[in-house]
Amino acid sequence: MRGILTNLLNPKVGIFYVSFLPQFIPTRQSVPVFSVGLAVIHAVEGILWFALLIAATQPVLGVLRRPATMKALDRVTGTILIAFGIRLVVEAQR
(Lines give C-alpha, C1' and ligand atoms only; values in the text may rest on other atoms or scores of the structure.)
Protein backbone atom coordinates (compact mmCIF):
# COMPACT_ATOMS: atom_id res chain seq x y z
CA MET A 1 0.00 0.00 0.00
CA ARG A 2 2.86 2.37 0.84
CA GLY A 3 4.49 1.71 -2.54
CA ILE A 4 1.29 2.47 -4.44
CA LEU A 5 0.77 5.68 -2.47
CA THR A 6 4.38 6.72 -3.04
CA ASN A 7 4.08 6.18 -6.79
CA LEU A 8 0.77 8.00 -7.01
CA LEU A 9 2.13 11.01 -5.13
CA ASN A 10 5.50 11.02 -6.90
CA PRO A 11 5.53 13.83 -9.49
CA LYS A 12 8.34 12.14 -11.46
CA VAL A 13 6.02 9.31 -12.46
CA GLY A 14 3.43 11.73 -13.83
CA ILE A 15 6.07 13.80 -15.59
CA PHE A 16 7.45 10.65 -17.21
CA TYR A 17 4.08 9.62 -18.58
CA VAL A 18 3.15 13.13 -19.73
CA SER A 19 6.48 13.83 -21.44
CA PHE A 20 7.60 10.44 -22.73
CA LEU A 21 4.53 8.46 -23.77
CA PRO A 22 2.80 10.97 -26.10
CA GLN A 23 5.50 10.55 -28.75
CA PHE A 24 4.36 6.95 -29.20
CA ILE A 25 0.68 7.75 -29.76
CA PRO A 26 -0.25 7.43 -33.44
CA THR A 27 -2.27 10.14 -35.11
CA ARG A 28 -6.05 9.73 -35.09
CA GLN A 29 -5.94 7.57 -31.95
CA SER A 30 -7.72 8.30 -28.71
CA VAL A 31 -5.01 9.92 -26.61
CA PRO A 32 -6.42 8.92 -23.18
CA VAL A 33 -7.11 5.32 -24.22
CA PHE A 34 -3.76 4.83 -25.93
CA SER A 35 -1.92 6.54 -23.04
CA VAL A 36 -3.56 4.26 -20.49
CA GLY A 37 -2.72 1.27 -22.69
CA LEU A 38 0.94 2.27 -22.82
CA ALA A 39 0.96 2.86 -19.06
CA VAL A 40 -0.52 -0.61 -18.49
CA ILE A 41 2.13 -2.16 -20.74
CA HIS A 42 4.82 -0.32 -18.78
CA ALA A 43 3.37 -1.49 -15.45
CA VAL A 44 3.09 -5.11 -16.60
CA GLU A 45 6.68 -5.08 -17.86
CA GLY A 46 7.80 -3.69 -14.50
CA ILE A 47 5.92 -6.39 -12.61
CA LEU A 48 7.37 -9.11 -14.83
CA TRP A 49 10.90 -7.73 -14.42
CA PHE A 50 10.65 -7.65 -10.62
CA ALA A 51 9.10 -11.12 -10.58
CA LEU A 52 12.06 -12.34 -12.64
CA LEU A 53 14.50 -10.73 -10.22
CA ILE A 54 12.75 -12.33 -7.25
CA ALA A 55 12.74 -15.73 -8.95
CA ALA A 56 16.42 -15.39 -9.84
CA THR A 57 17.45 -14.58 -6.27
CA GLN A 58 15.45 -17.34 -4.59
CA PRO A 59 18.07 -20.08 -5.22
CA VAL A 60 20.83 -17.97 -3.67
CA LEU A 61 18.76 -16.45 -0.87
CA GLY A 62 20.58 -18.42 1.82
CA VAL A 63 23.95 -17.17 0.61
CA LEU A 64 22.72 -13.57 0.27
CA ARG A 65 21.43 -13.55 3.86
CA ARG A 66 24.75 -14.58 5.38
CA PRO A 67 26.35 -11.74 7.36
CA ALA A 68 29.69 -12.27 5.59
CA THR A 69 28.05 -11.97 2.17
CA MET A 70 26.11 -8.87 3.19
CA LYS A 71 29.30 -7.30 4.54
CA ALA A 72 31.17 -8.10 1.32
CA LEU A 73 28.39 -6.65 -0.83
CA ASP A 74 28.33 -3.51 1.32
CA ARG A 75 32.08 -3.13 0.91
CA VAL A 76 31.94 -3.63 -2.86
CA THR A 77 29.06 -1.17 -3.19
CA GLY A 78 30.81 1.37 -0.96
CA THR A 79 34.03 1.05 -2.93
CA ILE A 80 32.20 1.62 -6.20
CA LEU A 81 30.42 4.69 -4.84
CA ILE A 82 33.70 6.12 -3.50
CA ALA A 83 35.34 5.48 -6.89
CA PHE A 84 32.52 7.34 -8.63
CA GLY A 85 32.96 10.23 -6.19
CA ILE A 86 36.69 10.38 -6.81
CA ARG A 87 36.10 10.33 -10.54
CA LEU A 88 33.67 13.25 -10.24
CA VAL A 89 36.21 15.25 -8.24
CA VAL A 90 39.00 14.52 -10.73
CA GLU A 91 36.83 15.42 -13.72
CA ALA A 92 35.59 18.60 -12.05
CA GLN A 93 39.19 19.77 -11.58
CA ARG A 94 39.97 19.47 -15.29
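Modeller: The model is predicted, so local features need pLDDT of at least 70 and side-chain atom pairs 80 or more, while totals for chains, interfaces and linings use all residues. Residues are numbered from 1 along each chain as its sequence is written, and side-chain values use heavy atoms, without hydrogens and water.

Colleague: Why is Met-1 called exposed?

Modeller: Exposed means over 50% relative accessible area, buried under 20%, and partly exposed in between, with a 1.4 Å probe and protein chains only. Met-1 has 81%, so Met-1 is exposed. Met-1 lies in the segment before helix H1 (2-9).

Colleague: Which residues line the largest pocket?

Modeller: Among them are Ile-4, Phe-16 and His-42. A lining residue has an atom within 4 Å of a pocket point; a pocket is an open set of points on a 1 Å grid, where a 1.4 Å probe fits, with protein on both sides within 12 Å along at least five of seven lines.

Colleague: Which element gives the largest share of the lining?

Modeller: H3 does, with six residues. By class, the lining has nine nonpolar, three polar and no charged residues; Gly counts as polar, and Asp, Glu, Lys and Arg as charged.

Technical notes. Helices (H or I, at least four residues) and strands (E, at least two) are DSSP runs, numbered from the N terminus.
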